[in-house]
Amino acid sequence: MTASRMPAVFLGHGSPMNVLEENRYTECWRELGERLPRPDAILAVSAHWYTRGTAVTAMAQPRTIHDFGGFPQALFDTQYTAPGAPALARKVADVLSPVPVALDQQWGLDHGSWGVLIKMYPDASIPVVQLSIDGTQPASYHFVLGQKLAALREQGIMIVSSGNVVHNLQKARWGGDNEVYPWAGSFNHFVRENLNWQGEPSQHPLVNFMQHEGAALSNPTPEHYLPLLYILGAFQPGDKISVPVDGIEMGSLSMLSVLME
């Protein structure tokens, strides 16, 4: 990576309780925030803003969205007060042209974004805009958007996406049994093995991920997987791809993280 190019990182965000807890995943996120070059601003892509069409938050002060239920009051009381960046939102829209991008004034930062950023940058001083995921589009579309967004990395912007490459809560082992389902372990391994794939983008195994025999169970819906494709699309010559942390919780929730620097 060149000295001026910002990293791009995908974080397996897991349970919202990671905001309140300290574990090996949150320790990794904190270490990344301390070790990586400090960006001028962050473009966040979260599994939890799944929309028709593409939008980017364009308000000066995005609200902290508590988009979950059944958790301790302390989680709902937590605020992440990072400023927005309306000028960056407009730049994102320009970079993604001719894709129409709505400049959103309503959404804010959902827990997929602020839940990891609060560990990476607890002082909440770095401006953040969040990009939505257009659920009407195929996987290849999201990879291409990542390719377009790569230019922002040369302008002091860090791309931070979050989701889970294996995300099946219906099959989750809630009682403390953490035995990994074979299909979950197989798909997680498949993702790791293909992170550095260098062939024709249209043939990328991780873009065509549903061809894997474990994909349907690992991702009954795709929104938690797709954020990874924005990071893979943002790959630039000279980048090194690594896995800062990995693990599967409750048998069917991958905490795999991917760093490009």
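**Entry 1: ground rules**

I call a residue buried under 20% relative accessible area, exposed over 50%, and partly exposed in between (1.4 Å probe, protein chains only). I am working with a predicted model, in which local features need pLDDT of at least 70 and side-chain atom pairs count only at pLDDT 80 or more, while totals for chains, interfaces and linings use all residues. Residues are numbered from 1 along each chain as its sequence is written, and side-chain values use heavy atoms, with hydrogens and water left out.

**Entry 2: salt bridges**

I looked for salt bridges (a side-chain nitrogen of Lys or Arg within 4 Å of a carboxyl oxygen of Asp or Glu). How many salt bridges does the count come to? I noted eight.

I began with Arg5, which pairs with Glu154 at 2.8 Å between the closest N and O atoms. This pair links distant parts of the chain, 149 residues apart: Arg5 sits in the segment before β1 (8–12), and Glu154 in the loop between α5 (139–149) and β6 (157–163). I take helices (H or I, at least four residues) and strands (E, at least two) as DSSP runs, numbered from the N terminus. Arg5 is buried at 7% relative accessibility, whereas Glu154 is partly exposed at 35%.

Next I turned to Glu22. Is Glu22 buried or exposed? At 53% relative accessibility, I log Glu22 as exposed. One partner of Glu22 is Arg30, with the closest N and O atoms 3.0 Å apart; Arg30 is partly exposed at 28%.

Glu22 also meets Lys119 in a salt bridge of 2.9 Å, N to O. Here too I found distant parts of the chain being linked, with Lys119 in helix α4 (residues 111–120) and Glu22 in the loop between β1 and α1 (24–35), 97 residues apart. Lys119 is buried, with a relative accessible area of 4%.

I also saw that salt bridges with shared partners join Arg5, Arg153, Glu154 and Asp239 into one network.

**Entry 3: the cavity**

Then I checked for cavities (on a 1 Å grid over the protein atoms alone, sets of points where a 1.4 Å probe fits but cannot get out; lining residues have an atom within 4 Å of a point).

Which element gives the most to the lining of the largest cavity? It is α4, with four residues. Among the lining residues I can point you to His13, Phe68, His111 and Trp114. The lining divides into six nonpolar, six polar and no charged residues; Ala, Val, Leu, Ile, Met, Phe, Trp, Tyr, Cys and Pro count as nonpolar, Asp, Glu, Lys and Arg as charged, and the others, Gly among them, as polar.

Definitions and conventions. On a 1 Å grid over the protein atoms alone, a cavity is a set of points where a 1.4 Å probe fits but cannot get out, and a pocket is an open set with protein on both sides within 12 Å along at least five of seven lines; lining residues have an atom within 4 Å of a point.
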